[in-house]
Amino acid sequence: MAFPLFKKIVYNCKRATLLIVKKEEQQLTTIEKVQLSIHLHFCNPCKRFVKQSELIDHTLKHSEEILLDPPVYSLPEETRIKIQQELTKIN
């Protein structure tokens with residue numbers, strides 16, 4: 001009877017994906033950790049999904065820091081004025 005349960009865990013990528021995403025947001029139960037561990041032992045696509053998901057999370061967290069930093073460059077005031085004057089000439 002244990003074999004069908006094992007098969008259900010190993011071949012259920014949808015459940016594994018759900019657990020991978022859930023793991024990023026909150027702690028998994030012990031049973032969920034075991035199920036995910038067993039599944040990842042046998043499933044290369046889901047292992048790849050874990051790595052890709054971690055990379056995306058890391059990239060987004062890092063990009064947020066960069067986007068919130070003030071720009072390291074600025075136009076000199078007289079250049080801004082010249083650009084504005086040229087733009088008003090076009091209109």
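Trainee: In this predicted model, does K89 count as buried or exposed?

Mentor: The relative accessibility of K89 is 63%. The cut-off for exposed is over 50%. K89 therefore counts as exposed.

Trainee: Which residue meets K89 in a salt bridge?

Mentor: Side chains of opposite charge can pair when their charged atoms come close. The N to O distance in the salt bridge is 3.3 Å, and the partner is E86.

Trainee: What is the N to O distance in the salt bridge of R80 and E77?

Mentor: R80 and E77 both belong to helix α5 (residues 77-90) and are three residues apart. R80 is partly exposed at 36% relative accessible area, and E77 is partly exposed at 46%. Their side chains meet with an N to O distance of 3.1 Å.

Trainee: Which helices does the pair K22 and E32 tie together?

Mentor: K22 forms a salt bridge with E32, with the closest N and O atoms 2.7 Å apart. K22 is partly exposed, at 22% relative accessible area, whereas E32 is buried, at 9%. The two residues sit in separate helices, so the pair ties together parts that are ten residues apart in sequence: helix α2 and helix α3.

Trainee: Which residues of α4 are buried?

Mentor: Helix α4 covers residues 44-68. What covers its buried residues includes α2 (13-25) and α3 (30-42). The buried residues are C46, V50 and S53.

Definitions and conventions
Residues numbered from 1 in each chain as written. Predicted model: local features only at pLDDT ≥ 70, side-chain atom pairs only at ≥ 80, totals over all residues. Heavy atoms only, no water. Helix = DSSP H or I, 4+ residues; strand = E, 2+ residues; numbered from the N terminus. Expected span 1.5 Å × (residues − 1). Buried < 20%, exposed > 50% of the residue type's maximum accessible area, 1.4 Å probe, protein only. Contact = heavy atoms within 4.5 Å. Salt bridge = Lys/Arg side-chain N within 4 Å of Asp/Glu carboxyl O.
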